[in-house]
Amino acid sequence: MCLYDKICEDKHIHVVFKLNNGICMSYHDTRKFGRMYLYSKNDDIHSYACFKNVGYDYMDQRVNGMYFYHCIHTLKRNLKSCLLDQSIMAGIGNIYADEICFALGLDPRSRACKLSKKDCEKIVLETRRILQGATHYGGTTIRSYTSSLGVTGRFQLHLKVHGQAQCKVCHHTIKKLTVSQRGTYLCPKCQKRK
């Protein structure tokens, strides 16, 4: 049995691409949240129908403090819900939203409409710094996830607030609460509410 046949036996692998160099690339989706579409090539992915409600990727050069400010400055929502909203800026998940808020010294319950242009510039910078760090370390493995190569993410070793009992900066007890229906970690001493 070849490697391709072994890959196809996994019930969570839905698509396998066999590349010209003999390498197989598989789409593994345990929870079946993903979708796959085939489109003709276009330079701007936002011209595709499936991306019409998706914001720019956090690394897109169009994403800067002013872009983020214009997206959120009239919203009465909290900062965490704005960070998680993929129609504003794509790529931020729950764990990273907590880490971004901590790096900013902002309580995730802060109102978006109270954030300044300078706050928004810092949000974009910290988002990029944290997500690039997470990418460098292979992501964050909180439970039992292992990649197809048997590798677990190592960024959880660098988390400052999410899943922590004590703040790594001030040693105050980390508070866990629910914000925007998501488990949220924050340091009440280091993070201030706007």
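Colleague: How many aromatic pairs does the structure hold?

Modeller: The structure has two aromatic pairs, where rings of Phe, Tyr and Trp (its six-membered ring) pair if their centres lie within 6.5 Å. This is a predicted model, in which local features need pLDDT of at least 70 and side-chain atom pairs pLDDT 80 or more, while totals for chains, interfaces and linings use all residues. Residues are numbered from 1 along each chain as its sequence is written, and side-chain values use heavy atoms, leaving out hydrogens and water.

Colleague: Why is the pair of tyrosine 39 and tyrosine 48 called stacked?

Modeller: Their ring centres are 4.7 Å apart and the planes stand at 20°, so the pair is stacked (planes under 30 degrees apart are stacked, over 60 edge-to-face, the rest tilted).

Colleague: And what makes the pair of tyrosine 56 and tyrosine 67 tilted?

Modeller: Here the planes are at 50°, with ring centres 5.5 Å apart, so the pair counts as tilted. Tyrosine 56 sits in strand β3 (residues 56-57) and tyrosine 67 in helix α2, so the pair ties together parts 11 residues apart in sequence. Helices (H or I, at least four residues) and strands (E, at least two) are DSSP runs, numbered from the N terminus.

Colleague: How do you know whether tyrosine 67 is buried or exposed?

Modeller: Its relative accessible area is 18%, so tyrosine 67 is buried (under 20% is buried, over 50% exposed, in between partly exposed; 1.4 Å probe, protein chains only). Tyrosine 56, at 23%, is partly exposed.

Colleague: What about tyrosine 185, buried or exposed?

Modeller: Tyrosine 185 has a relative accessible area of 15%, so this residue is buried; it is found in strand β6 (residues 182-186).
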